[in-house]
Each structure stands twice: as structure tokens, then as C-alpha cells.
Amino acid sequence: APTPDIRQAYAQTRNWKEYEESFLRLMRDRQVPEKIDPIGFEGGVALLCSEAMPECCHRRLIADLLCSYWNSIGHNVQVKHLVLERDYPERKKSPKDDGAPPV
């Protein structure tokens, strides 16, 4: 979780870039990627958040950080954001995307 100082700074400035940098620095200082065993994440895992979109979500930051680290040490990890097309019209469709919401 972010520290109270990080949360307070974001509440005052609403500067997501600053929040993201501070939060990721904190996660690296805490050695979060190295301390979390990917074995506990085998199969499907969901990180839930009250944010409607992943762009400004600290759980997305954690998911991306873990994914990057675990893939760098030989695991095959993917992050999928479960959003409805109607709520996220800017979502880029991949060539394999049939338009159906992810399951």
C-alpha cells in the first residue's frame, strides 16, 4: 500500500505521474517484486480496485511491476485489465480482439 505521505501528496496535487513514480520507488525499496513468490499466483489471479479504469490505479502498477519482474526471471505472466468496452471506448483493439469483453 502507498504510505500516508504518498496518498496525501496525490490528494493535494492529483499529479498521477508523481504518484506513480513515488509508489513504484516505494515498492522497489520494499523489494516487493523479489519478496512475492510467483508460485502463489499460478492460474488466474485478480487484483480488484475501485478505480473504473486501470490508468490511475495502484493495483495496475503492482501488476505491471510483478509481471515485468517475473517475466525477467523466466516466468510467463500476462496482465489483463477487465473493462467494459462501453466504459473504455479508447481501448485499442488487438487484431485478435473480437470485441467481446474479457472473461
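Visitor: Are Tyr-10 and Tyr-19 buried or exposed?

Guide: Buried means under 20% relative accessible area, exposed over 50%, and partly exposed in between, with a 1.4 Å probe and protein chains only. Both Tyr-10 and Tyr-19 are buried. The model is predicted: local features need pLDDT of at least 70, side-chain atom pairs count only at pLDDT 80 or more, and totals for chains, interfaces and linings use all residues. Residues are numbered from 1 along each chain as its sequence is written, and side-chain values use heavy atoms, leaving out hydrogens and water.

Visitor: What kind of aromatic pair do Tyr-10 and Tyr-19 form?

Guide: Rings of Phe, Tyr and Trp (its six-membered ring) pair if their centres lie within 6.5 Å; planes under 30 degrees apart count as stacked, over 60 as edge-to-face and the rest as tilted. The whole structure holds five aromatic pairs. One of them, Tyr-10 with Tyr-19, is tilted, at 5.2 Å centre to centre and 55 degrees between the planes. Tyr-10, Trp-16, Tyr-19 and Phe-23 form one aromatic cluster.

Visitor: How is the packing of two helices described?

Guide: One gives the angle between the axes and the distance between them. Helices are DSSP runs (H or I, at least four residues), numbered from the N terminus. Axes are lines fitted to C-alpha atoms over the stretch in contact, and angles run from 0 to 180 degrees between N-to-C directions. Helix H2 (residues 16-29) and helix H4 (residues 58-72) pack at about 45 degrees, with their axes 11 Å apart.

Visitor: Where is Arg-60 placed?

Guide: Arg-60 is in helix H4, and at 16% relative accessibility it counts as buried.

Technical notes
Helices (H or I, at least four residues) and strands (E, at least two) are DSSP runs, numbered from the N terminus.
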